[in-house]
Amino acid sequence: MAHTDTDNLVGLLEDDEDSVELPASLPVLAVRDVVGFTHMIVPLFVGRDKSVRAVDAAMSADRLLFLATQKDAAVEEPEKDQIYKTGVVASILRALKLPDGRVKILVQGLVKGRINSFLRNKAYYRARVEKVPEPEPGEPSVEEEALMRNVREHCERILSMRGELSSEVNGILEGIDHPGRLADLVASNLSLKIHEAQELLEIDDPVDRLTKVNELLSREVVLSTVQARIQSNVQDEISKSQKDYFLREQMRAIHRELGETDEKTQEVEEYSQKIRKAKMPKEAEKEALRQLRRLEQMHPEAGEAPMVRTYLDWLVEVPWNKSTKETLDLRRAKKILDEDHLGLDKVKERILEYLAVRKLNPGMKGPILCFVGPPGVGKTSLGQSIARAMNRKFFRMSLGGVRDEAEIRGHRRTYIGALPGRIIQGLKQCGTQNPVFMMDEVDKLGADFRGDPSSALLEALDPEQNFAFYDHYLNLPFDLSKVLFITTANMADTIPAALYDRMEVIQLAGYTTEEKVAIAKKHLIPRQMKENGLRKGQFAISDSALFKLATEYTNEAGLRNLEREIGALCRKVSRRIAEERPVPKRITEAVLLKYLGLPKYLPEMDQDESQVGLATGLAWTQAGGEPLYVEATAMQGKGELVLTGQLGEVMQESARAALSWTRANVEKWGGNPEFFDNHDLHVHVPAGAIPKDGPSAGIAMVCALVSILTQRPLKNDTAMTGEVTLRGRVLPIGGLKEKALGALRAGIKTVIIPEKNQKELSELPANVKRKLLFVPVSRVEEVLDLALLPPEKKAPAKAKAKAPAGKRRPARARSAGTA
């Protein structure tokens, strides 16, 4: 029972309901969290404009209004159909205007009523109301008398358990002999939900209403009994806690009187509180309390005490049960990903799919994503964007050069200076158990006599195992299943196979020149201006200069060198501003030459014109795709094949297969079969200092050899990639996207690809497919028809980029490639 005030109980008047005369219409006051009953006196605070006007209308007339409860308490301005039709006609006993514009009124329910119809009134609700009279009580039957007595006993029992029963209240209950009025009295003082109270009010028969009240009282008796028992138990616990506290205070007072310091007791108390606040799993809490007891029994100067303290510090600071409330708003996540990164549609789509599944299935296990791509394409920054889009903490650790298994699993506590592994350290630093955890350079893990870190990562990155990850230092299972692990690598070949199998690999190829320019405008230039102290309007660069900066001053798949060059320009401008010298309003190509010097990457000399014996292949490197030139020449000899250029075994076998096919089909292309008896063939792949391997240069080698035999030049604007067989078939290759971007950067117009790679063209950016002509082939003969110029016909030479006198083009640094 919610209201047991005697005033409320006395408010149940004995007036005859039939004596209440209702006017033709009444103002309607919609109330939120209370249901009015007849003869009930209740104070109300009225604040809504319509409600205040309804009260004013009632006060200016006969002080009568109709109290009706709205169906949804959260609705600020309820419509007519959102108000219950059954309520009570009430009289305003007192009204008080408050300084904030609200009105406090005291109302008394007179008679139950029902709305027939609402009148048109925009200022407030007004309705025609009909009375719902109670039937006059006759001589109560035995059943009715028993029901009323049962209700009184339930009320007395509940009030007794709460210590609120008095003789006055008992007298009021005994003095009511009308079933309907007794039901209304009890219902108005019960803690009922709105819909339950409204159901009671809408029951017209008084005996049925009292029966329903009796059922609700029975439930309330059970609840009150349980509540009293809980309160008694809590009181006992509080009494015990107070007793313990009193005894501890006495002990502290005795220690102070004896002049003994009690820092140890205080330390134990602090650790005990921290353990309770950490909300550890039972196993971890049991171990923490065991270590705390050990610390309590140790001498403060014992050698093992600092180790136990450090262990306890880690246990209470690790986020066992702390999580960041993640955002699962897909539109917001997509907006953040699009703001931070241009392109990368496949990666963004995968992240949004994860968020969608997470929204539908909150208990799902986190995927292990692996971003593979050249340096500078945005793998790490993409992880930061994912964390921001999901509203999670972000932590990054680099695995490059890690050789000790303890870096992952931690050291055992028997060693001096032992610490948990870097995974647990990262979680402690984040303070939550569900961060976005990025492991960079997973392809550069090492292994030696101290263990294999990649094997230690298997448990952490396997969704079927990481719910109970064991760190050697903690020696307790820790749940990593809520962590979103993201790994990065430059190449997938060196990732251990078992680890690779547990990850979902997403390839990130390089950017096109147009994408680089767009990213530079949106991200790189504003960031470098801020880092170099430049304000808006102090630095600008033309589109042509920015395009030249991306093509002739850098040659990479990513953006790092481009940002460095933009930073160099910003520093030049910052120095001029600091020295109060004239500053160019806009960086043009001429200013670019003045500030940064000559371009570092001029067009390859081999591309200037079509040549005999020079084929353009395509290679995949850790820095992206790039052209791979295959040169062939013939000389007097005995038919031997010479291979140079640091070719790997696979590439040497491709060269031999290419020669075998050429010798078998030389007559089809107008060659002399006896040519091989008197000549040696030399195949060279520049640059000679860089190791190269892979089968995809096979068709380029065939073209170079056939070009030498037929003396027909190969087209200088056509590149090719594909493995060749002895039967002349062209087999599929890998890394098509990276190779296509490399071809685009090198100025290639046509790319010959294996027919089975044609399906991968759908993943290429639209501007790449627009600028490059891709020709799928299945036979070597098709390649030769496309790549060789007709006899006695040469392609026009390209405009040759000449370096100024005294300036030679610097040697181009390239990483080891895979053809």
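**Reading pockets, cavities and a sheet**

Mentor: The lining of the second largest pocket is made up of 17 nonpolar, seven polar and nine charged residues. Keep in mind that the model is predicted.

Trainee: What volume does the second largest pocket have?

Mentor: Its volume is about 860 Å³. The lining counts 33 residues, and those nearest the centre of this pocket are Gln507, Ala509, Lys737, Glu738 and Glu763.

Trainee: Which elements give two or more residues to that lining?

Mentor: They are helix H12 (345-360) and helix H25 (736-745). The largest share, four residues, comes from H25.

Trainee: Now the cavities. How is empty space found in general?

Mentor: A probe the size of a water molecule is rolled over the atoms, and this shows where empty space is left. Here, a search of the whole structure gives 10 cavities of 30 Å³ or more. The largest cavity has a volume of about 110 Å³.

Trainee: Which residues line the largest cavity?

Mentor: The lining consists of Val28, Leu29, Ala30, Arg48, Lys50, Ser51, Glu76, Glu77, Pro78, Tyr124 and Tyr125. By class, six of the lining residues are nonpolar, one is polar and four are charged.

Trainee: Which element gives the most to this lining?

Mentor: Strand E1 does, with three residues. The elements that give two or more are E1 (26-31) and helix H2 (49-60).

Trainee: Let us turn to the sheet. In what order do its strands lie?

Mentor: To read a sheet, follow the pairing from strand to strand. This open sheet has five strands in the order E8-E9-E12-E7-E13, and their pairing is parallel. Strand E8 (394-398) and strand E13 (504-507) are the edge strands, each of which pairs on one side only. On average, neighbouring strands are turned by 20° against each other, direction ignored.

Trainee: What packs on the sheet?

Mentor: Helix H15 (residues 422-430) does, and it touches E8 and strand E9 (436-440). The direction of H15 makes about 150° with that of E8.

Trainee: How many bridges join strand E7 to strand E12?

Mentor: Five bridges join them; E7 covers residues 368-372, E12 covers residues 484-489, and the two run parallel.

Trainee: Which residue in E12 is the bridge partner of Leu369?

Mentor: Ile486 is the partner of Leu369. Find that pair in the view, then follow the order E8-E9-E12-E7-E13 across the sheet.

Notes. Residues numbered from 1 in each chain as written. Predicted model: local features only at pLDDT ≥ 70, side-chain atom pairs only at ≥ 80, totals over all residues. Heavy atoms only, no water. Pairing = 2+ DSSP bridges. Axes fitted to C-alpha atoms, helices over the stretch in contact; angles between N-to-C directions. Contact = heavy atoms within 4.5 Å. 1 Å grid on protein atoms, 1.4 Å probe; cavity = no way out; pocket = protein on both sides within 12 Å on 5 of 7 lines; lining within 4 Å. Points joined across faces, edges and corners; volume = space filled by probe spheres on them. Nonpolar A, V, L, I, M, F, W, Y, C, P; charged D, E, K, R; others polar.
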